[in-house]
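Here are some notes to read beside the model. Please keep the structure open while going through the points.

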Amino acid sequence: MKYRWIVPDRENREDFKVIEYMIEGADKIYQYALEKAPKLSREMNIHGPSGEKRDRKKILANCFAGCIAESILIFRLNTYAKERQVYIQARPTVFDKDRDEDQVDILVWNRENDKIPAVSIEVRSSYGAVQNNRKRYREWFSIVGFYTSENKGRELVKDYYVTVIFNFPQKDMYEKMMNRRPIHLQLAAGCDSEFLKAHGTIDSLKNKGAKYRVVRPLLAGFPVDLVMDQMFERLGWQEKE
């Protein structure tokens with residue numbers, strides 16, 4: 001697995017650094033997603049947030065993308081915790097089809113103090129067909145938070161929201177998955193739910209009947225490593241001596 005750091009808007013926000021990964025078919029994260037996605041897709045609601053019926057191939061590709069996005073965030077979070085010598089660990093949760101609206105993607109906890117409540121993370125995936133990072137972060141994309149919809153009702157509000165951007169059109173995901181082609185993605189930006197409530201706006205994101213709380217543009221939020229620092233502080237920030 002390869003990565004590089006990019007600065008989407010060096011002229012105005014040199015401090016806003018983004019990590020971009022290339023995940024190849026032989027990587028553990030890729031293999032994990034290939035194994036988990038088919039099982040997960042059979043448990044998913046065939047209807048999207050706006051109530052439209054979704055194609056099974058699209059559901060499978062979405063599940064694969066979700067597994068990749070969650071796994072790479074967990075990998076970065078645990079790696080960053082080791083770099084900072086912080087006793088924090090992240091893990092995925094078990095999907096429960098009967099509690100879809102209450103589902104949590106990732107839990108992060110203090111390994112040395114179980115009295116401190118774990119924090120929850122929701123990972124939202126977006127797709128960037130046009131390779132223009134400056135416009136992605138200044139104009140096109142958002143941090144997508146909690147939502148309500150006619151089909152799913154009200155979603156459980158998580159502690160943190162992180163946006164991941166895949167560097168290709170969404171329609172290409174199924175073909176990439178089936179042919180084990182490399183996946184390029186960015187850990188774009190994030191924020192906590194209180195920031196969303198204070199600074200977010202309402203957007204349907206082209207899903208009829210849905211209302212999302214979003215922060216736009218991405219540069220109005222925080223780099224993902226800074227969001228992780230906020231999590232560590234919330235969880236006690238216990239550094240190794």
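1. This is a predicted model. Start with the sheet. Four strands make up an open sheet, in the order S7-S6-S11-S10. Their pairing is antiparallel.

2. Look at the edges next. Strand S7 (153-154) and strand S10 (201-203) are the edge strands. Each of them pairs on one side only.

3. Now follow S7 to its partner. Strand S6 (residues 143-149) runs antiparallel to S7, and two bridges join them. Ser-149 stands opposite Gly-153 in S7.

4. Turn to the helix pair. Two packed helices are described by the angle between their axes and the distance between the axes. For helix H1 (residues 28-41) and helix H2 (residues 56-83), the axes come within 8 Å and cross at roughly 135°. The angle therefore makes H1 oblique to H2. The crossing of H1 past H2 is right-handed.

5. Which residues in H1 meet H2? Among them are Ile-29, Tyr-30, Ala-33, Leu-34, Ala-37 and Leu-40. On the H2 side, the contact includes Ile-59, Leu-60, Cys-63, Phe-64, Cys-67 and Phe-75. By class, the contact of H1 with H2 has 16 nonpolar, two polar and two charged residues. Lys-36 in H1 and Arg-56 in H2 also take part in the contact.

6. Finish at helix H6 (residues 224-234). Its buried residues are Val-224, Asp-225, Val-227, Met-228, Asp-229, Met-231 and Phe-232. An α-helix has 3.6 residues a turn, so residues three or four places apart point the same way. Just after H6, Gly-236 has a positive phi of about 115°.

Note on methods: Residues numbered from 1 in each chain as written. Predicted model: local features only at pLDDT ≥ 70, side-chain atom pairs only at ≥ 80, totals over all residues. Heavy atoms only, no water. Axes fitted to C-alpha atoms, helices over the stretch in contact; angles between N-to-C directions. Parallel < 35°, antiparallel > 145°, perpendicular 65-115°, else oblique. Left-handed = near helix turned anticlockwise from the far one by under 90°. Contact = heavy atoms within 4.5 Å. Nonpolar A, V, L, I, M, F, W, Y, C, P; charged D, E, K, R; others polar. Pairing = 2+ DSSP bridges. Buried < 20%, exposed > 50% of the residue type's maximum accessible area, 1.4 Å probe, protein only.
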